[in-house]
Amino acid sequence: MSNPPRLPAVETFIADMRAMFATTPDLNARWEKARGLLGVMLRDPEVKKHADTWPDSPAKLGLEGKHGNLLLYEDPDWGFCVNALIKKPTAKTTIHDHGVSWTLYGVIEGGEDVLRFERTDGGKPGDLPKSAVVRDTDTVKVGPGYIDLIKPWEIHAEYNGDHRTAAVIIRSQRCGTYVQNIFYAKDNSVEQYWGPQQIPFHFGWPARAAA
Ligand SMILES: [Fe+2]
């Protein structure tokens with residue numbers, strides 16, 4: 001059974017992304033433009049209404065550590081994906097990077113602290129180490145409408161406030177197609193994994209697990 005159409009604002013976003021990708025080969029420019037397109041989609045009232053339906057259980061969404069993402073769209077030609085993430089109150093992600101992928105993280109409801117980290121052991125972006133030393137460099141308080149651009153190998157974490165936080169994530173490629181690092185500050189160990197579980201979900205009405 002195929003799904004009914006996606007929300008008009010989502011179809012517009014996808015069409016605009018595809019056209020822009022075709023004309024913007026420079027990756028920094030491409031993802032800055034994508035940030036603007038995501039901002040337009042996130043301001044759409046129907047997209048906000050849809051976010052109210054996103055489940056935070058039993059799909060492992062919003063759990064600390066290795067959480068799951070709703071997979072709302074994967075582009076058949078360019079590979080970019082639209083994910084959604086729900087964080088339960090006070091949930092914390094691990095300290096991690098997104099490997100080779102580019103990521104836009106747009107808060108639609110709630111708010112949280114986004115922390116950035118750097119390695120102090122001389123390690124380089126692109127390493128897949130067994131141990132590493134990291135320290136936090138910046139914390140940004142983010143709320144609805146804020147869109148963070150996370151470049152390949154940037155180390156970060158998100159600490160939710162005392163409320164539900166919903167976000168749309170645009171990734172340059174689907175989780176599971178690239179390896180990423182998790183940094184454990186307690187013993188400086190590093191683990192490699194293949195990213196959040198992907199849970200197909202329809203970005204239209206009725207909002208439900210995708211057929
Ligand atoms: Fe992340």
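**View 1. An open sheet of 6 strands with mixed pairing.** The strand order is β7-β4-β9-β2-β1-β12. Strands are DSSP E runs of at least two residues, helices are H or I runs of at least four, and both are numbered from the N terminus. Two strands pair if DSSP finds at least two bridges between them. The edges are β7 (147-150) and β12 (197-200), each pairing on one side only. Neighbouring strands are turned by 30° against each other on average, direction ignored. This is a predicted model: local features need pLDDT of at least 70, side-chain atom pairs count only at pLDDT 80 or more, and totals for chains, interfaces and linings use all residues. Residues are numbered from 1 along each chain as its sequence is written.

**View 2. Strands β2 and β9 pair in the antiparallel sense.** Residues 81-87 of β2 meet residues 165-171 of β9 over 7 bridges. Ala84 has Val168 in β9 as its bridge partner.

**View 3. Helices α1 and α2 pack at an angle of about 165°.** Their axes are 10 Å apart, with α1 spanning residues 8-23 and α2 residues 27-42. Axes are lines fitted to C-alpha atoms, for helices over the stretch in contact; angles run from 0 to 180 degrees between N-to-C directions. α1 is therefore roughly antiparallel to α2 (over 145 degrees). Contact residues include Phe13 and Met17 of α1 and Ala34 and Leu37 of α2; contact means C-beta atoms, placed from the backbone, within 7 Å.

**View 4. Helix α2 lies across β4, β7 and β9.** The helix runs at about 20° to β4 (103-109).

Key. Parallel < 35°, antiparallel > 145°, perpendicular 65-115°, else oblique. Contact = placed C-beta atoms within 7 Å.
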